Amino acid sequence: MNRLRMLGLAAAAALLLALPFITDATLGHGWVRILDFALLYVLLALGLNIVVGYAGLLDLGYVAFFAVGAYCYGLLASPHFDLHWPLWVLLPMGAMLAASFGVLLGTPTLGLRGDYLAIVTLGFGEIIRIFLNNLNTPVNITNGPQGVSLIDPLRIGPWSLGQVHHLAGFDIPIVVNIYFLFLLGVLFAILLSRRLEHSRIGRAWAAIREDEIAAASMGLHTRNLKLLAFAMGASFGGLSGGLFAGFQGFVSPESFTLQESVMILCMVVLGGMGNIAGVVLGAVLLSVLPEALRAAGSLQQDLLGHVWVDPSNLRMLLFGLALVLMMLLRPEGLLPARARQRELHG
């Protein structure tokens, strides 16, 4: 069994290493860029899974931590304040700043559960977005709706990921450079999530998720544990926000709407709350499939001779229909955690 597992891991590693080159050769740079964003969404979904899947705290404002990390990187690595701090400083700083905001959100909401907690976190996410949109007067901090541009590209020491590199006679495009950096971030997040899940803290979160009153009666300090869940999940969001800002070279409040929070939550629920493999699968599917459905317009033209339904509307219609069917037929998700599967199917 161990030998088969090692072979499987080796095959998966080889596939992940070759995937951007195969995609670039067959589908072009655009699809490698989509893979980059898929990895970024995987990182976000893993962070939200700590809050929703492990601790059972419904969070609809998770994109706020994404915004905090992105603006932390954007403001300190751009001409806006004429600061150009290095990557190894900005990413940990963005993660810690987002964790601080997670504690700030968690402290007044410790007594709330379910729908009430969801409404408060939704409001928190909108407050952060509105602040970013309006902190341009009387002192211009965030540049308001115009956002922050000319952000420094991601750089590891002398190795800039924002330019094409030549290695052993091959050209490595920018999107491939970014892919490998994001892949390292995702692998780190998976390792950390795995360790947390099987630690004393992870078991305590599971106890709070199942029955908070029973967990408190057994001596667990539920207040600190819930704050830790908010902080840990938010730190993942801050880290991914910094990577996003360096990748895009531009951030604005329009990138951090409620729809993004809902999409990340759908990734966690669709894949399987509390299960790392399920969360990864859900994030990849919901970030790649909508882009694949953009071809619906040309398909209508080929089959029917006319575009009857606008491709963007059809894409969201099919996407919504798939979510509805999933929740009706398999509410535990595609790859659910065993405990959740037993709860829903006896």
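The lining of the second largest pocket has, by class, 13 nonpolar, four polar and five charged residues. The structure is a predicted model. The space in this second largest pocket comes to about 590 Å³, while the largest pocket holds about 1200 Å³. A search of the whole structure also gives 12 aromatic pairs, and the count of salt bridges is five.

**Second largest pocket**

- The second largest pocket is lined by 22 residues, and Phe37, Tyr41, Glu260, Glu291 and Arg294 are the closest to its centre.
- Two or more lining residues each come from α2, α9 (222–248), α10 (258–271), α11 and α13 (311–329).
- Helix α2 gives the largest share of this lining, five residues.

**Largest pocket**

- The largest pocket has 33 lining residues, and those nearest its centre are Ala12, Leu16, Leu187, Ile190 and Val280.
- The elements that supply two or more residues to this lining are α1 (2–26), α2 (29–54), α6 (174–197) and α11 (276–292).
- By class, the lining of the largest pocket consists of 26 nonpolar, four polar and three charged residues.

**Helix α9**

- Helix α9 has 27 residues, which at 1.5 Å a residue should span 39 Å; this agrees with its end C-alpha atoms, which are 39 Å apart.
- Of the 27 residues in α9, 23 are buried, so the helix is mostly covered.

**Aromatic pairs**

- Phe66 and Phe244 form a tilted pair, because their ring centres are 5.2 Å apart and their planes stand at 50°.
- This pair links distant parts of the chain, with Phe66 in helix α3 (residues 63–76) and Phe244 in helix α9, 178 residues apart.
- Phe66 is buried at a relative accessible area of 5%, and Phe244 is also buried, at 7%.
- Tyr179 and Phe180 make an edge-to-face pair, 5.3 Å from centre to centre with 85° between the planes.
- Tyr179 counts as buried, with 2% relative accessibility, whereas Phe180 counts as partly exposed, with 24%.
- Phe37, Phe66, Tyr71, Phe182, Phe244, Phe247 and Phe256 are joined by ring pairs into a cluster.

**Salt bridges**

- Side chains of opposite charge can pair when their charged atoms come close.
- Glu212 and Arg113 meet through their side chains in a salt bridge of 3.4 Å, N to O.
- Because Glu212 is in helix α8 (residues 212–217) and Arg113 is in the loop between α4 (87–106) and α5 (114–134), the pair ties together parts 99 residues apart in sequence.
- Glu212 is buried at 16% relative accessibility, whereas Arg113 is partly exposed at 49%.
- Glu212 also forms a salt bridge with Lys226, where the closest N and O atoms are 3.3 Å apart.
- With Glu212 in helix α8 and Lys226 in helix α9, this pair ties together parts 14 residues apart in sequence.
- Lys226 is buried, with a relative accessible area of 2%.
- Salt bridges link Arg113, Glu212 and Lys226 in a network.
- Another salt bridge joins the side chains of Arg129 and Glu126, at 2.9 Å from N to O.
- Both Arg129 and Glu126 lie in helix α5, three residues apart, which is about one turn of the helix.
- An α-helix has 3.6 residues a turn, so residues three or four places apart point the same way.
- Arg129 counts as partly exposed at 23% relative accessibility, and Glu126 counts as partly exposed at 22%.

How values were computed
Residues numbered from 1 in each chain as written. Predicted model: local features only at pLDDT ≥ 70, side-chain atom pairs only at ≥ 80, totals over all residues. Heavy atoms only, no water. 1 Å grid on protein atoms, 1.4 Å probe; cavity = no way out; pocket = protein on both sides within 12 Å on 5 of 7 lines; lining within 4 Å. Points joined across faces, edges and corners; volume = space filled by probe spheres on them. Helix = DSSP H or I, 4+ residues; strand = E, 2+ residues; numbered from the N terminus. Nonpolar A, V, L, I, M, F, W, Y, C, P; charged D, E, K, R; others polar. Expected span 1.5 Å × (residues − 1). Buried < 20%, exposed > 50% of the residue type's maximum accessible area, 1.4 Å probe, protein only. Phe/Tyr/Trp six-rings, centres within 6.5 Å; stacked < 30°, edge-to-face > 60°. Salt bridge = Lys/Arg side-chain N within 4 Å of Asp/Glu carboxyl O.
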